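User: Got a model here and some quick things to check. Can you take a look with me?
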Amino acid sequence: MRRPWVAGNWKMNGLRETNALLAKGLSLLAAEREIDICVAPPAPYWLQVVDAMEGTGVRVLAQNVSEHAGGAHTGEHSVSMLQDCGLAGALVGHSERRQLHGETDVVVAEKFAAVRKAGLQPVLCVGETLDERRAGETLSVVSRQLLAVLESQGPDAFDGAVLAYEPVWAIGTGLTATPEQAQAVHASLRAVMAAFDADRAGQLRIVYGGSVKAGNAAGLFAMPDIDGALVGGASLDAQEFLGICHAVR
Ligand code: PEP
């Protein structure tokens, strides 16, 4: 049985005052013991949100992390900094990082390795663009993104990790993959993993991201290979995010 996992990616949103209000709303999640719940605030607010979530069971993630241990990397932050601030893990390979910041599969795999080696939870994001979907390349693209980590680090690298399928065309657009579309990709990703290690494939949590809301979450979560959600816009509203968490089967 895979424990459901839901995370809110706040992206570059929020200031101290709004963060405090959102965190207060999320503290209602303390009762949610059947699922893992995380939030990923912008880096300047890690400590604020870690403090605000203390005792609630909600864990805090970074939205990105450097593949380097330290040194001359202006504007970056290392896994040691994540640990020092009490974070539980980091997203790696979010499509906005891949598209807007030129992160390649190789760099994303290095970030994944850095997070894992520090004993934190890596959340590997994969997903195809609309052009790739229209060209029938969805499965080859997401498989390639997953294999970049699997082939270089082996299936045990995914122990405790989360794989997030986020079709780029559904992120922040209001377009959601249908539950059937998402399920098909999740099942294929699990099959890619199973070719390396069937047991670990059965345990791997694969979550969906792309315009998830309280109103469409239950249909997605009803699918056998959808183990939760990575939520962007809707995670900025505590009630909406709570609604998504409550929709987990
Ligand atoms: C995301 O940024 O990971 C995301 C899924 O965004 P949204 O829910 O807004 O589509």
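User: Is K11 buried, exposed or partly exposed?
Analyst: K11 counts as partly exposed, because 17 C-beta neighbours lie inside 10 Å. The cut-offs: buried means 20 or more other C-beta atoms within 10 Å, exposed means 12 or fewer, and partly exposed is in between, with C-beta atoms placed from the backbone. Bear in mind that this is a predicted model: local features need pLDDT of at least 70, side-chain atom pairs count only at pLDDT 80 or more, and totals for chains, interfaces and linings use all residues. Residues are numbered from 1 along each chain as its sequence is written.

User: Where does K11 sit?
Analyst: K11 is in the loop between strand 1 (5-9) and helix 1 (16-26). Helices (H or I, at least four residues) and strands (E, at least two) are DSSP runs, numbered from the N terminus. Phi of K11 is near 50°, which is positive in a residue other than glycine.

User: What about phi at S211?
Analyst: S211 has a positive phi of about 55°, and S211 is not a glycine. The residue is in the loop between strand 7 (205-208) and helix 10.

User: And is S211 buried or exposed?
Analyst: S211 is buried, because 20 other C-beta atoms lie within 10 Å.

User: Switching to the ligand. Which residues come nearest?
Analyst: I171, G172, G209, G232 and G233, out of 13 residues around the ligand. Here "near" means that the C-beta atom, placed from the backbone, lies within 6 Å of the molecule or strand.

User: What classes make up that shell?
Analyst: Five nonpolar, seven polar and one charged. Ala, Val, Leu, Ile, Met, Phe, Trp, Tyr, Cys and Pro count as nonpolar, Asp, Glu, Lys and Arg as charged, and the others, Gly among them, as polar.

User: Now helix packing. At what angle do helix 10 and helix 11 cross?
Analyst: Roughly 20°, and the axes of helix 10 (residues 214-221) and helix 11 (residues 238-247) come within 8 Å. Axes are lines fitted to C-alpha atoms, for helices over the stretch in contact, and angles run from 0 to 180 degrees between N-to-C directions. The two helices are therefore roughly parallel to each other. Angles under 35 degrees count as roughly parallel, over 145 as roughly antiparallel, 65 to 115 as roughly perpendicular and the rest as oblique.

User: Which residues make the contact?
Analyst: A214, A217, A218 and F221 of helix 10 meet E240, G243, I244 and A247 of helix 11. Contact means C-beta atoms, placed from the backbone, within 7 Å. By class, that contact has six nonpolar, one polar and one charged residues.

User: How far apart are the axes of helix 1 and helix 2?
Analyst: 10 Å, with helix 1 and helix 2 (residues 46-53) packed at an angle of about 25°. Helix 1 and helix 2 are therefore roughly parallel to each other. R16, N19, A20 and A23 of helix 1 touch Q48, V49, A52 and M53 of helix 2. That contact has five nonpolar, two polar and one charged residues.

User: Last one. How far apart are V192 and K117 in space?
Analyst: 23 Å, C-alpha to C-alpha, and 75 residues apart in sequence. V192 is in helix 8 (residues 179-194), while K117 is in helix 5 (residues 105-117).

User: What does V192 contact, then?
Analyst: S143, L146 and L147, leaving aside neighbours within four places in sequence.

Key
Contact = placed C-beta atoms within 7 Å.
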